[in-house]
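Trainee: Could we go through this structure together? I am new to it and would like to begin with a single residue.

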Amino acid sequence: MDIYGIEALLGLPEFRVIDQVIHPQRLDVHLQRRANSIVCPRCQACCWHVQESRPRCLRDLPILERPVLLWLHLRRFVCQDCHYRPWEKSETFGAHVKWTERLYHHVRQEYLHGCPCRQLARRYDLSERTVFRWTFERSRGGRPRQLGRAIGIDEYSRRKGHRYNTLIVDLERGQPIATFTGRRADEVIAWFKSRPQAERERVEVVVLDMSKTYFAAIKEVFGEQVHVIDRFHVIQQAVSALDEVLRSVHKQLDAEEAKALKKLRKRWLKAANQLDVSELIGRYEWRRRFPQLREIIDWVQDLRRWFDRKYDKPAREALLKLIERASQSAQEPLQRMAGTLSRWFEPIVRYIGRRYSNGMAEGFNNKIKLIQRMAYGLRNEHNRQKRILAWCGKT
């Protein structure tokens with residue numbers, strides 16, 4: 001391959017290729033900066049005279065299945081005005097790195113997607129220790145993170161219905177803090193108490209679902225004023241109650257009507273401007289025929305609008321009215337929702353002032369499921385934790 005072809009493959013506009021050496025097991029590419037002068041950092045004069053040159057070696061992605069070594073010939077200039085001798089610096093590469101960023105990201109992504117460490121090391125002419133270090137240690141996959149001001153806590157399954165782990169997420173930084181085995185209250189309390197006291201005092205908000213276990217653990221460690229129940233889990237409970245009423249209505253219909261009602265399932269809670277005329281008419285007819293369906297749909301829509309409120313005192317009064325409406329209803333799903341909102345009243349109301357959601361932890365749970373499927377299960381718990389933190393964390 002000619003020099004111009006190699007320059008196009010490398011995509012380094014700051015450098016030009018001055019030579020290439022093809023070895024049996026690798027390709028050496030010699031580079032030099034295109035600029036033939038630098039600005040003296042002392043007197044700001046232009047330096048043209050080159051005193052010496054030293055090569056610097058970096059690893060890059062393979063070309064034609066050959067590992068590539070980039071030899072950067074950095075020059076030392078002499079200033080004619082102040083006689084200072086500065087070295088030229090590269091804006092593309094850091095001062096001390098020994099590989100290109102694209103090689104690092106490529107190897108890391110392949111390892112996280114399940115490619116064996118030994119195979120990657122052989123393919124890119126690296127050591128297995130280097131591949132492991134790039135993936136986990138440099139990306140903080142093997143080092144503990146500190147607790148932030150707002151954290152989320154959720155569970156994920158190692159084996160659904162049998163074994164569960166706990167995930168702690170920093171909601172402001174958008175990355176997982178830690179994952180550990182178990183979800184019992186004593187296990188969660190033990191993990192939080194293993195952290196330094198200064199970290200625990202920093203926590204002001206803990207977002208969680210309606211889990212009594214996690215609620216008891218957070219209450220023991222941080223007190224009662226940090227709990228926040230996000231809107232996702234509350235609306236999820238309300239939609240489940242709506243689905244229960246829909247199932248009871250289905251039993252009263254024949255096959256054709258039940259099929260038509262099922263098609264409208266995703267349109268019950270949409271705004272009127274999001275539906276066409278036929279869908280509006282169909283929804284109106286179903287609400288007219290079944291008063292119990294109209295009642296629960298109106299209640300769920302009012303509950304969704306409640307989360308858009310901005311002030312604490314009016315929000316408390318409005319939520320109490322919703323609870324009263326649900327408790328006075330003759331439908332059992334609404335009565336259960338009234339009990340749920342009453343039990344979790346204070347954590348739900350705190351959402352109005354804090355506005356934190358646990359959706360980030362739910363998203364990480366989906367990533368964890370993907371990791372475990374790609375790895376066909378991870379039996380080593382230590383490797384599981386490091387892989388999760390490296391995959392979901394930011395480098």
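**A residue in a helix, and outward from there**

Mentor: Ala326 has its place in helix 12 (residues 312–327); helices here are DSSP runs of H or I with at least four residues, strands are runs of E with at least two, and both are numbered from the N terminus. This is a predicted model, in which local features need pLDDT of at least 70, side-chain atom pairs count only at pLDDT 80 or more, and totals for chains, interfaces and linings use all residues. Residues are numbered from 1 along each chain as its sequence is written, and side-chain values use heavy atoms, with hydrogens and water left out.

Trainee: Is Ala326 buried or exposed?

Mentor: Ala326 counts as buried, at 0% relative accessibility. Buried means under 20% relative accessible area, exposed means over 50%, and partly exposed is in between, using a 1.4 Å probe and protein chains only.

Trainee: Which residues is Ala326 in contact with, leaving aside its neighbours within four places in sequence?

Mentor: Ala326 is in contact with Trp299, Leu334, Gln335 and Ala338, once those neighbours are left aside. Contact means heavy atoms within 4.5 Å. From C-alpha to C-alpha, Ala326 and Met337 are 7.0 Å apart in space, and they are eleven residues apart in sequence.

Trainee: How many helices and strands are in the protein?

Mentor: The protein has 16 helices and eleven strands. Its radius of gyration is 30 Å, well over the 21 Å that the globule rule gives for 395 residues, so the protein is more spread out than a compact globule. That radius is taken over C-alpha atoms, and the rule is 2.2 Å times the number of residues to the power 0.38. Along the principal axes, the C-alpha atoms fill a box of roughly 90 × 55 × 50 Å.

Trainee: What share of the residues is buried?

Mentor: Buried residues make up 46% of the 395 residues.

Trainee: A change of topic: how many disulfides are there?

Mentor: The count comes to zero disulfides, where a disulfide is a pair of cysteine sulfur atoms within 2.5 Å.

Trainee: Finally, what is the phi of Gln44 and of His83?

Mentor: Gln44 has a positive phi of about 60° although it is not a glycine, and His83 has a positive phi of about 60° although it is not a glycine either. Gln44 lies in the loop between strand 3 (38–39) and strand 4 (46–47), and counts as exposed at 56% relative accessibility. His83 lies in the loop between strand 6 (66–78) and helix 2 (101–112), and counts as exposed at 60%.
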